[in-house]
Amino acid sequence: MLNSTDVFVIGGGPAGLAAAIAARQQGFHVVVADGAKPPIDKACGEALMPDAIAALEKLGVALSSADAFPVRGVRFLSSGLSAEAVFPSGCAGFSVRRTILHRILTERAAGLGVDLLWQSVVTGISGEEVRLGDRRIRTSWIIGADGSNSRVRRWAKLEPHSRTGLRYSFRRHYRVAPWTDRMEIYWGKHSQGYTTAVSSEEVCVAVASRHPELRLEKSLPDFPELNARLSGAEATSAERGALTANRKLKRVWRGNVVLVGDASGTVDAITGEGLGLSFRQAVVLANSLRSGNLAGYQGAHRNLALQPLLMARLMLTLDGRPKFQRRTLQVFRRHPEVFRRLLALHVGKLSPIHLAVDGLTLGWGLLTT
Ligand SMILES: Cc1cc2nc3c(=O)[nH]c(=O)nc-3n(C[C@H](O)[C@H](O)[C@H](O)COP(=O)(O)OP(=O)(O)OC[C@H]3O[C@@H](n4cnc5c(N)ncnc54)[C@H](O)[C@@H]3O)c2cc1C
């Protein structure tokens, strides 16, 4: 019976599995424990931006159109207006059902020899020991990948964190033929809607707002174009809810305990970057474990989050401001290169230096529209 390991990962969601794969690729013996049973589902927009796909490739995971639906750009829609931008040439994203992504990551981890303990809740940690009820496993490193309400974060005294823009989100799938290969963001008066096609016959729909009572079906009239597209379509999954926010931690490690994924901070769902961020963190973390330098991970972790947090703040300035939404879309229509460059920046294909020029164009456009 397994009673010791090099790395113990608490949480076998996407971040935990990615961290386990990356650590295993560095030669560590790795155990993952998750309280749930695979394949694990979760409320998510299910879009993977091109930079997430690149990070997955570093983990030896390649998505194909058999598992996922290609995403080639982003479209904003508000009050009958729309504006869109495609990803830089050579870049494509994918949308993939969480359960399928979970299966693919699990298979990759198992293939590399990671020990996977499902339906195994971690009940505590102390020093070099992880407790699962009565069972104890010794480990050199403990990775907390147990999601946004992380208990590992509390156990390791890595609270407090700052949190802004708490919103309530819900997602569901509908059987309908995809009408676009863009990730769509619908700006309503009270909420935002997101759609991505996850297969040739199914679309994932998510909504987010500051109002807990605004569940998915109740939000849809806020987006008439989307409502019309979904009219009569069969719902193929149960509605799932989750909180979304920008959450930043002062520290993401202490001693031999280190956090990854949502446990280590979150970016608002609107960025579509939570998964990609956790995959990039996983790769950097494994390198830091190899060198035994978690301070290096702390710095890299902060840098990785800068861009998604900036984009989240920028996008959320439109939240609940219909006139501002309309004006922004008008500027994007008049200056499509601004939207295109913002998207390139978002997926890490442009340096933030360009933001100044585009920010001025956008600002001037908003003043003169
Ligand atoms: C509405 C919404 C839409 C989103 N859309 C997108 C999107 O389009 N693209 C994108 O990239 N990101 C998106 N995100 C963000 C993305 O879903 C998260 O960043 C991602 O799920 C984080 O993964 P994780 O593994 O860190 O956490 P989770 O997926 O929460 O996994 C944590 C795991 O830990 C396990 N666990 C917890 N406690 C214990 C314990 N004590 N013992 C054992 N196991 C434990 C849980 O069972 C769970 O499986 C969205 C988020 C929301 C809310």
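Strands here are DSSP runs of E, at least two residues, and helices are runs of H or I, at least four residues, numbered from the N terminus. Before I go on, a caution: this is a predicted model, where local features need pLDDT of at least 70, side-chain atom pairs count only at pLDDT 80 or more, and totals for chains, interfaces and linings use all residues. Residues are numbered from 1 along each chain as its sequence is written.

Back to β2. Strand β1, residues 4-10, pairs with β2, residues 30-33, in the parallel sense, over four bridges. Pairing requires that DSSP finds at least two bridges between the strands. Val30 and Val32 point one way from β2. Val31 and Ala33 point the other way. All of these are buried. Buried means 20 or more other C-beta atoms within 10 Å of the residue's own; exposed means 12 or fewer; partly exposed lies in between; C-beta atoms are placed from the backbone.

Now Val7, in strand β1. Buried or exposed? Val7 counts as buried, because it has 26 C-beta neighbours inside 10 Å. What does Val7 touch, beyond its neighbours within four places in sequence? Its contacts are Ala23, Phe28, Val30, Thr139, Trp141, Ile143 and Leu289. A contact means C-beta atoms, placed from the backbone, within 7 Å. Trp118 is another matter: 111 residues along the chain from Val7, with 16 Å between the C-alpha atoms.

Next, strand β13, residues 182-187. Six of its six residues are buried. Both faces are covered. Arg182, Glu184 and Tyr186 lie on one side. Met183, Ile185 and Trp187 lie on the other. What are the partners of this strand? One is β5, residues 73-78, which pairs with β13 in the parallel sense over five bridges. There, Phe76 has Ile185 as its bridge partner. Another is β14, residues 191-199, antiparallel to β13 and joined to it by four bridges. Ile185 turns up here too, opposite Tyr194 in β14. A hairpin of three residues links β13 to β14.

On to the ligand. How many residues surround it? The shell holds 40, and the closest are Gly11, Gly13, Gly45, Gly261 and Gly274. The cut-off is a C-beta atom, placed from the backbone, within 6 Å. Four elements each supply at least two shell residues: α1 (14-25), β12 (161-175), β17 (240-249) and α7 (274-291). The largest share, four residues, comes from α7. By class, the shell has 18 nonpolar, 14 polar and eight charged residues. For the classes, Ala, Val, Leu, Ile, Met, Phe, Trp, Tyr, Cys and Pro are nonpolar; Asp, Glu, Lys and Arg are charged; the others, Gly among them, are polar.

Last, the whole chain. The protein chain has eleven helices and 20 strands. Its radius of gyration is 21 Å, close to the 21 Å that the globule rule gives for 369 residues, so the chain is as compact as a globular protein of that length. That radius is taken over C-alpha atoms, and the rule is 2.2 Å times the number of residues to the power 0.38. The C-alpha trace spans about 65 × 45 × 40 Å along its principal axes. Of the 369 residues, 50% count as buried. Among contacts between residues at least 6 apart in sequence, 74% join residues at least 24 apart.

Finally, domains. The bounds come from an automatic or database domain assignment. Domain 1 is 4-41 + 98-163 + 246-314, and domain 2 is 321-368. Their centres, over C-alpha atoms, are separated by 34 Å.

Terms used: Two residues are in contact if their C-beta atoms, placed from the backbone, lie within 7 Å.
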